[in-house]
Amino acid sequence: MSLHLHAVVRATHQLPDGSSFRLVELEDVAVVVSEHPDGRVLTEQEAVDDLAGLCALLPDGPVVPLRIGTTAVDETAARAAVHALSVPVVRDRLNQLDGVAELHVRLVFDEDTALRAVHDESGFAGGGADLTATIAQGERIARQIVAWRRNQADGMLASVSAVALAVALLDPPVHTEEHRAFLVPLGEVEAVRDGVAALNGVTAICTGPLPAFHFLDLAPRQPRHQDQPASRWGW
């Protein structure tokens, strides 16, 4: 049996009732751990449960998530993992993330609407003279749709961006979807969710509050955009 390392919190953090987590303290911080059978591969359901467990920690204070699937042989190794991240750095991140959470917003635009808008703006032709030209035109149209959808999203999400402390542009699976992560004060979470739910002309989905996966290396008091952010913390 080994330990699964989920996150770092303050040593005073209170775990939810019935949580399978426990704290391994190191100075004024603690690593959140659970028992993990040796050699067993993390299942998809366990990954979902891991995220749910991290979200349940948010009401009692800031959470710095660790790479999912991180393990340690014992508590000494768990403390060593936090030492490797640097206790002062972790402490600083916890202070920066106090009172905020990450929200994900997914906007799904109708493809026909996007194509008509791009056609009206650029007047692209119906087809290329050969296969190479046809492929090139398809790629150009896709880029134009991305630019169009991003411009649409900027307007639709202006009120969310206004209250967010930072914004990250995430990589969507298709060119008609816009995915963004917002670092939002906890007191604004419900207002943001209500605002996203009220959007017209697009399918809008808001997920969260989540631990700040995409903002662990950003200064959260300085709003900024970051395309496809990758954190050294593993998210």
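The questions and answers that follow concern a predicted model.

Q: How far apart are the end C-alpha atoms of helix H1 (residues 44-57), and which span should its 14 residues have?
A: At 1.5 Å a residue, the 14 residues of H1 should span 20 Å. The distance between its end C-alpha atoms agrees with this expectation, as it is also 20 Å.

Q: Which residues of H1 are buried, and what arc do they cover around the axis?
A: The buried residues of H1 are Glu46, Asp50, Gly53, Leu54 and Leu57. They lie on the same side of H1, because the arc they cover around the axis is only 100°.

Q: Which strands are included in what covers the buried residues of H1?
A: Strands are part of the cover over these buried residues. They include E1 (2-10), E3 (29-36) and E4 (64-65).

Q: Which residue of E4 is the bridge partner of valine 8?
A: E1 runs antiparallel to E3, with eight bridges between them, and valine 8 stands opposite valine 31 in E3. E1 is also joined to E4, in the antiparallel sense, by two bridges. There, the partner of valine 8 is valine 64.

Q: Which strands stand at the edges of the open sheet of four strands?
A: The order of this antiparallel sheet is E7-E8-E6-E9. Each edge strand has a single partner strand, so one side of each is left without a neighbour in the sheet. These strands are E7 (166-170) and E9 (203-210).

Methods: Residues numbered from 1 in each chain as written. Predicted model: local features only at pLDDT ≥ 70, side-chain atom pairs only at ≥ 80, totals over all residues. Heavy atoms only, no water. Expected span 1.5 Å × (residues − 1). Buried < 20%, exposed > 50% of the residue type's maximum accessible area, 1.4 Å probe, protein only. Arc of directions from axis to C-beta. Contact = heavy atoms within 4.5 Å. Pairing = 2+ DSSP bridges.
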